[in-house]
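Let's take a walk through a structure together, one stop at a time. Have a look at the picture first, and then read on.

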Amino acid sequence: MNLAVRDIRHSLGRFVLTTIGVGMLLMVVMGMGGIYRGLVDDALVVTRGVGADLWVVQRDTRGPFAEVSRLPRSLVDRIAAVPGVTDAREFVLHTIQREHRGKPLRMGVLGLGWPTDKGEGLPLIAGRPLAQNHFEMIADESLGLGLGERLRLGKDTYTVVGLTRWLVASGGDGIACFTSRDAQAIQFHEPGESIRLERQARRARADEIDFGRTQPGVLDRASGPAQSLAALPSPAISAVIARLMPGTDPASVQRSMSGWSDVTTYTGPQQEELLLKGSVDRARRQILLFRVLLTIISAVIMALIIYTLTLDKLHPIALLKLIGAPTHVIAGLILQQSLIMGVLAYGVGYLIGTRLFPLFPRRVLVSNDDLLRLAGIVLVISVLASLLGIWKAMRVAPNEAIG
Amino acid sequence: MDDPLALETSGLTKVYGSGHTEVVALRDASMRVRRGEVVALLGPSGAGKSTFLLCVGLINPPTRGTVTIGGKLMQDGPRSLGDLRRFRRERIGFVFQKSNLIPFLSAIENVQVVGELIGRPSSVARRRAKELLDALGVGRRAFNMPTQLSGGEQQRVTVARALANQPSLILADEPTAALDSVRGRQVMELFRDVAHRHGTGVIVVTHDHRALDVFDTIYEMEDGLLKPAASAAAKATAARA
Ligand SMILES: Nc1ncnc2c1ncn2[C@@H]1O[C@H](COP(=O)(O)OP(=O)(O)O)[C@@H](O)[C@H]1O
Ligand SMILES: [Mg+2]
């Protein structure tokens, strides 16, 4: 006969309500871990999606995911000439916002290294990789585009040939993949309206300064194409990604580029590590702190409720002592209740969480490792929570059962 | 089991507090109870009767004196609480004035738990619990919770629980105070039957003089002093009342 279960049955309402409450807290702990995993995974999907063996970035910067990196476009050709490199291209990932079907559509534009990379490595859930070097795209399902749907971007129209799941940029916008050249075409195409507005703004600035008033030529230039402004350099690129010949040691290629004064190189794994240590790391620590706080709060709530449940049965506990129940039976009664509450709350958190998390706007990725670790933590806080109650129960004298 | 005495105490003394607040609740109390003997303990309130039962029942250690239960010396100077608890669960059954059932266990579970505490398998303890409840006339209430039972039924379940470990000694402190006289007498007779059938020594603290004819021996206590009342005289007193 299990005394813990019998007593729980006796005060079922309170026990169930508390368990659900603690379960919700655990669900949030689980969810926050999942949000972090989601962030990491989203970030890695992009770096892995472009399939780079080597990342070349501006000297002493940590790559396009960590900070601004500016490289001359000509670098692409220089890198392609390095022994061991099969092809090099610029890394293109930028966010655009366009109107589509009357609604604003924000998306990340990612360039794939056609023809070596057609998008086979992407998490495709429908359709196919790219099959031609122009006018096709693979869209993330979160963009709400259907297979075969046609989308006008810049001067050209692109057809959705494949759909991915959970391919999103760090801001959470769905990513669409194009061939590298299409991606650049989209990046540097400015809609007529924005060009007109930019020229107008330039003109207004020029009107306000003495230089503009004394040099009429400046005003003329301000209204013309940007290329004719001498001060404007050709657009810089943020990184060059290179693929290596099969069997080539990335370190040896890195060594041969180590003499270049303007670049720093990272291998794929190094870039991933930088990514995790950089922008994602702060989010990780922030989330970790919240999880620790919530875990402590769960433990405190459990301890309090187990304690009050124990206070409610001090008389029966004194009675049990009176009829000679050994200490381990009484401590076991309280400990088991705490464990039962912990395990049930964990189950409640898991059940609600797995139904709720998919409805979240960003990915909540609950890994089995995290689940296992949380289960261990729940067991520990269950034990800790019971200590206060056990301490109280141990101090009850058997003759308190009489009178 | 071959010792004919269920209980023997000698020089049992209990002093509560110290200095100004010192109360001598029990002075040199000596008592012998044979197996199967039913003893009544009379006396005014504050005489020290409960204190005596708590000392004998190994709940409150005496200041001085020894307690021997079923031929085994249980209390002679300090003992560990764990030892005392083991002696209690193996050798003593308790019944108190207020019903002392565990509220979250049904009638049968209240009895069964005692059997399990002394290491009987659950099924054996349960079967024995059912037998006891049947024997005490509350078998039909076995699956009711304590709050669903009347006062008399609760006391019967308590008696069943006190018997569940086949104790050498049953200690009952005013077990019938909350019952009407008919029910009270039934419980007293129950104790006598149990004592005679199982060879258990029973000590019952009572104020109810009408049921004294049930007892084999009667003790009186006043101001911490325990003395045997001539049982014939006491029975006569009881009969007159
Ligand atoms: N825990 C205690 N602390 C101090 N004094 C006590 C305690 N328990 C009982 N007493 C005192 O001991 C005396 C005997 O009490 P008790 O054994 O309860 O008498 P009875 O059961 O015969 O009414 C009383 O004077 C009571 O006040
Ligand atoms: Mg008393």
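This is a predicted model: local features need pLDDT of at least 70, side-chain atom pairs count only at pLDDT 80 or more; totals for chains, interfaces and linings use all residues.

Residues are numbered from 1 along each chain as its sequence is written, chains are lettered from A and ligands numbered from 1 in the order in which they are written, and side-chain values use heavy atoms, with hydrogens and water left out.

So, who sits around ligand 1? The shell includes B:Y16, B:V23, B:A25 and the run from B:P44 to B:T51 (a residue counts as near if one of its heavy atoms lies within 4 Å). Sorted by class, that shell has five nonpolar, five polar and one charged residues. Here Ala, Val, Leu, Ile, Met, Phe, Trp, Tyr, Cys and Pro count as nonpolar, Asp, Glu, Lys and Arg as charged, and the others, Gly among them, as polar.

Now zoom in on the oxygen atoms of the ligand. One is 2.7 Å from a polar backbone atom of B:G46, and an oxygen is 3.0 Å from a polar backbone atom of B:G48. With B:S50 it's the side chain that takes part: an N or O atom there is 2.7 Å from a ligand oxygen. On its own, ligand 1 exposes 560 Å², and the protein buries 58% of that (accessible areas come from the Shrake-Rupley method with a 1.4 Å probe; for residues, only the protein chains shown count as cover). Which element gives the most to this shell? That's α1(B), with three residues (helices, H or I with at least four residues, and strands, E with at least two, are DSSP runs numbered from the N terminus).

Next, step over to where chain B meets chain A. The contact takes 24 residues from chain B and 25 from chain A, where contact means heavy atoms within 4.5 Å. About 2,200 Å² is buried between the two chains, with carbon and sulfur atoms giving 66% of it (buried area is the accessible area, 1.4 Å probe, that two parts lose on being put together, summed over both). B:R85, B:F104 and B:L117 supply 31% of what chain B buries here, more than any other three residues.

What about charges? Side chains of opposite charge can pair when their charged atoms come close. Across this interface there is one salt bridge (a side-chain nitrogen of Lys or Arg within 4 Å of a carboxyl oxygen of Asp or Glu). B:E109 forms a salt bridge with A:R6, their closest N and O atoms being 2.5 Å apart.

Over all chains, the count is 26 salt bridges. One of them joins A:R37 and A:D370, at 2.8 Å from N to O. A:R37 lies in helix α2 of chain A and A:D370 in helix α13 of chain A, so this pair ties together parts that are 333 residues apart in sequence.

Methods: A polar contact is a pair of N or O atoms within 3.5 Å; within protein, one must be able to donate a hydrogen and the other to accept it, and residues adjacent in sequence count only if both atoms are side-chain atoms.
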